[in-house]
Amino acid sequence: MKHHSLNGKLISLALLLCCLLCARLSAERDISFSGYAGVKGDFYADPAQEDFDPAFVLQGYFGGQLNIAPSFLLRLEFSIQTDDVTEQGPFSDGGIASHFFIDELSATYIKPFLNITQYFSLFLGSFEPIGNDIFLQRHFGIEPISSHITESWLGLRGSTAYPFYGAGGSYIVHLNKKPIATGAYLYVNDENWEDKNQLNLDWRFATVYPYLALDFAIGLGAPMSHKQGNEDVIVLIDSLYLHSGINLLVGNKYSTSLFVQSGFSNLQLKAGETRYEIASKDLYLLVEPRFVTKRFQTHITMFSVPVETVEKLLFVTDTFGFNIAVFTDNLYIKNKNITFGFHTTWSFGEDEQGRRRYFTDLKHIADLVKDTEHFNVKITPFVDIPIAGGQVHTMLQATVTNLSADTWKDHFKLSVGYKGRI
């Protein structure tokens with residue numbers, strides 16, 4: 001699934017309005033601000049270069065929430081990615097080539113009524129997507145449940161099974177006496193094969209119990225055209241696109257559990273069609289049994305994700321594969337609770353024709369096993385250290401397949417990042 005950065009003038013206007021509003025409200029009472037941010041640097045060699053030519057790229061994000069008590073919230077999140085910093089330094093004429101995104105700009109009005117709490121929201125960008133557990137955290141106050149392998153430093157623009165992306169609004173009802181939240185989203189984007197302006201209507205349901213966390217959404221997109229042949233029409237809708245996403249944890253993070261994350265987009269429903277098929281490239285699937293002991297945890301993951309998702313992840317570089325993560329989060333050094341472990345990833349790269357692999361290729365498992373030339377094995381030790389209210393994350397990834405004395409420098413990547421609240 002593709003994502004488009006917002007128009008430059010619209011970004012500038014939105015940021016200006018936010019700054020003016022924050023300045024106006026800064027002197028008012030019952031105003032509070034909370035925020036979070038992260039930045040990461042990757043140092044690696046480009047195997048496409050004949051000589052050893054290390055690259056250094058940066059990723060970062062910032063998110064802030066302005067609480068106008070007791071019933072109004074303003075949120076802004078943006079992210080940035082740079083190209084190789086070593087190609088053009090910050091003091092050169094061209095500066096550092098980078099890509100800037102406004103990921104969320106939203107306003108939410110909260111209104112209690114009888115035994116429910118209502119949330120009316122207007123948004124621009126990505127808003128509480130499925131696959132990012134921010135919706136469950138905001139409505140139920142749970143700790144993060146996402147898989148370690150989907151970790152990224154791009155905030156809402158990171159790994160998502162299905163994003164609510166575009167311009168629109170939502171209405172969510174939270175039951176006060178039961179852990180249930182449900183509601184609808186109405187928004188416009190152009191996330192379809194035809195690149196047409198598309199109206200979307202989605203329904204969402206979420207619940208959290210001691211041994212169950214569920215976040216599910218399903219919806220339809222209707223591409224709109226103003227032409228029927230050579231004739232102008234008010235609105236023409238001749239097809240629909242079905243999309244859906246789910247986050248599911250059976251158990252909890254303190255016990256052996258099963259985590260499933262799945263979603264798809266662009267399932268075209270057209271008049272006269274009798275057979276519908278989801279393209280592998282539009283399907284997001286992650287299945288992860290998690291085993292917990294007193295001393296360590298083991299997560300075994302099968303993943304098949306779109307290429308756009310892979311480009312945003314930290315541990316994963318191929319669209320289909322398997323991962324085993326063994327780690328402990330009970331390692332105390334000088335009163336600091338340090339997380340230490342390692343990932344071992346087996347994944348399938350592009351085939352000889354340059355085609356990406358997905359879990360549907362398991363039906364040709366014999367061919368997958370024989371194709372050792374495009375099979376990748378990566379070992380990634382990592383450590384998380386709490387510092388100044390946040391976490392410093394360090395990892396060293398080594399690709400052990402096709403390793404030789406001449407190319408070993410091209411098989412390592414060092415990443416250092418920091419996340420925290422501000």
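**From surface to salt bridges**

Tutor: Start with the surface: the chain exposes about 21,900 Å², and carbon and sulfur atoms supply 62% of it. Keep in mind that this is a predicted model.

Student: What share of the residues is buried?

Tutor: Buried residues make up 47% of the 422 in the chain. The secondary structure comes to four helices and 20 strands.

Student: Why are Arg-157 and Asp-103 called a salt bridge?

Tutor: The rule asks for a side-chain nitrogen of Lys or Arg within 4 Å of a carboxyl oxygen of Asp or Glu. Arg-157 and Asp-103 meet at 3.5 Å, N to O, so the pair qualifies as a salt bridge. By this rule the count comes to twelve salt bridges.

Student: What does the pair of Arg-157 and Asp-103 tie together?

Tutor: Arg-157 lies in the loop between α2 (134-140) and β6 (165-175), and Asp-103 in strand β4 (residues 98-113), so the pair ties together parts that are 54 residues apart in sequence.

Student: How do you know whether Arg-157 and Asp-103 are buried or exposed?

Tutor: Buried means under 20% relative accessible area. Arg-157 has 9%. Asp-103 has 4%. Both values fall under the cut-off, so both residues count as buried.

Student: What makes Arg-138 and Glu-104 a salt bridge?

Tutor: Their closest N and O atoms are 3.7 Å apart. The limit is 4 Å, so the label holds. Arg-138 lies in helix α2 and Glu-104 in strand β4, so this pair ties together parts that are 34 residues apart in sequence.

Student: Why is Arg-138 called partly exposed?

Tutor: Its relative accessible area is 25%. Glu-104, in contrast, has 1%, so Glu-104 is buried.

Student: How do you know that Glu-128 forms a salt bridge with Arg-138?

Tutor: The closest N and O atoms of Glu-128 and Arg-138 are 3.0 Å apart. That is within 4 Å, so the pair is a salt bridge. The pair links distant parts of the chain: Glu-128 sits in the loop between β5 (116-126) and α2, Arg-138 in helix α2, ten residues apart. Glu-128 has 4% relative accessibility, so Glu-128 counts as buried.

Student: Which residues are linked in a network of salt bridges?

Tutor: Glu-104, Glu-128 and Arg-138. Arg-138 pairs with Glu-104 and with Glu-128.

Conventions
Residues numbered from 1 in each chain as written. Predicted model: local features only at pLDDT ≥ 70, side-chain atom pairs only at ≥ 80, totals over all residues. Heavy atoms only, no water. Helix = DSSP H or I, 4+ residues; strand = E, 2+ residues; numbered from the N terminus. Buried < 20%, exposed > 50% of the residue type's maximum accessible area, 1.4 Å probe, protein only. Areas by Shrake-Rupley, 256 points an atom, 1.4 Å probe, with all protein chains shown as cover.
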